[in-house]
Amino acid sequence: MNKLQGLRGSIVALVTPFHQDGSVNFERLRQWVEWHIENKTDGILALGTTGESSTMTHEEDDAVLRCVVETAAGRVPVIAGTGSNCTETMLEKSRRAQALGADGLLLISPYYNKANAEGMYRHFATVADQVDLPAILYNVPGRTGCSISVEVLERLHSHPNIAGIKEASGDMSYAMKIAHLVGDDFALWSGNDDITIPLLSIGGSGIISVWANIMPRQCHDMVMNFLEGDRKAAVDAALRYLPLMNGLFMEVNPIPVKTAMNRMGMEAGPFRLPLCEMDAAHQAALEKLMEEAGLLA
């Protein structure tokens with residue numbers, strides 16, 4: 001069963017909580033999964049960029065995914081970030097995610113070594129051909145230094161195991177060029193909180209969100225209001241919280257959102273190098289935005 005087909009709303013790009021010694025805080029992780037389900041989050045992405053998966057071992061990845069899958073217990077879909085710049089590594093990680101019970105995969109373009117068009121196509125097709133899970137492709141050239149071209153996406157979108165794209169380039173021209181691919185079997189997901197409404201207006205299904213880590217109910221409601229016809233309420237919410245959404249990217253993600261969660265008493269814990277504490281001036285600016293959004297007493 002493809003649990004991503006027809007999925008709409010807010011998928012949280014979940015932070016990974018750490019103890020002060022740097023180990024994963026599984027108790028807090030379980031609490032957050034329950035909190036997200038209670039607050040109408042529609043899906044959970046574990047081991048994404050926001051989850052600091054690039055600093056974690058394969059064994060830690062497996063343990064985190066197992067914890068999220070077991071806690072969610074089928075109540076919402078769980079998507080595993082299994083991407084790598086090495087296609088064989090991405091395939092290995094994707095097979096493990098399937099064995100651990102993930103409902104879908106998030107596959108990033110091959111950062112650092114990049115690829116020509118044929119290599120980009122084969123990078124994704126190799127996994128889609130050999131793992132029986134729906135996969136969302138991840139286009140984030142600001143992180144990877146390469147983009148999934150329209151032509152490559154046109155080749156991939158009809159693959160039965162490719163379920164959509166997380167579009168995080170921030171380029172609405174690119175989004176318009178791929179919008180014709182959207183249909184029952186291929187979804188467009190915003191990867192940038194600040195342009196969720198524009199992406200929804202051209203057929204998007206929702207947002208894979210950083211902001212949802214701290215305001216899950218508001219994120220869900222904004223998306224569903226738009227999709228269910230109350231566009232004014234959706235736009236009003238987007239504009240109200242836009243300064244905070246942008247503030248969560250005043251330093252590289254997930255530094256600001258994890259800082260915000262710690263400030264809210266959510267015990268997200270420390271970062272793993274090369275990520276480190278937020279600049280003091282930026283932290284003060286973020287706290288001001290959080291106060292304006294009603295997150296701090």
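Reply: A salt bridge is a side-chain nitrogen of Lys or Arg within 4 Å of a carboxyl oxygen of Asp or Glu. This is a predicted model, in which local features need pLDDT of at least 70 and side-chain atom pairs count only at pLDDT 80 or more, while totals for chains, interfaces and linings use all residues. Residues are numbered from 1 along each chain as its sequence is written, and side-chain values use heavy atoms, without hydrogens or water.

The whole structure holds 13 salt bridges. One of them pairs Arg155 with Glu118, with 2.9 Å between the closest N and O atoms. Arg155 belongs to helix 6 (residues 150-156) and Glu118 to helix 4 (residues 117-130), so that the pair links distant parts of the chain, 37 residues apart. Helices here are DSSP runs of H or I with at least four residues, and strands are runs of E with at least two, numbered from the N terminus.

Helix 12 (residues 280-292) packs against helix 10 (residues 231-247) at about 155°, their axes 9 Å apart. Axes are lines fitted to C-alpha atoms, for helices over the stretch in contact, and angles between N-to-C directions run from 0 to 180 degrees. Helix 10 is therefore roughly antiparallel to helix 12 (under 35 degrees counts as roughly parallel, over 145 as roughly antiparallel, 65 to 115 as roughly perpendicular, the rest as oblique). Their crossing is left-handed, meaning that the near helix is turned anticlockwise from the far one by less than a right angle; clockwise is right-handed. Pro243, Leu244 and Gly247 of helix 10 are in contact (heavy atoms within 4.5 Å) with Leu286, Leu289 and Met290 of helix 12. This contact has 5 nonpolar, 1 polar and no charged residues; Ala, Val, Leu, Ile, Met, Phe, Trp, Tyr, Cys and Pro count as nonpolar, Asp, Glu, Lys and Arg as charged, and the others, Gly among them, as polar.

Helix 12 also meets helix 11 (residues 255-263), the axes coming within 11 Å and crossing at roughly 65°. That crossing is right-handed. Helix 11 contributes Pro256, Thr259, Ala260 and Arg263, and helix 12 contributes Gln283, Leu286, Glu287 and Met290. By class, the contact of helix 11 with helix 12 divides into 4 nonpolar, 2 polar and 2 charged residues.

From Asn253 to Pro254 omega is near 10°, and Pro254 sits in the loop between helix 10 and helix 11. Between Leu273 and Pro274 omega is about 15°, with Pro274 in the loop between helix 11 and helix 12.

Helix 1 (residues 26-38) and helix 2 pack at about 40°, their axes 9 Å apart, which makes helix 1 oblique to helix 2. The crossing of helix 1 and helix 2 is right-handed. Among the residues in this contact are Phe26, Leu29 and Ile37 of helix 1 and Ala63, Val64 and Cys67 of helix 2. The contact of helix 1 with helix 2 divides into 9 nonpolar, 1 polar and 2 charged residues.

Helix 2 (residues 58-72) also includes Glu60. Beyond its neighbours within four places in sequence, Glu60 is in contact with Val24 and Arg272.
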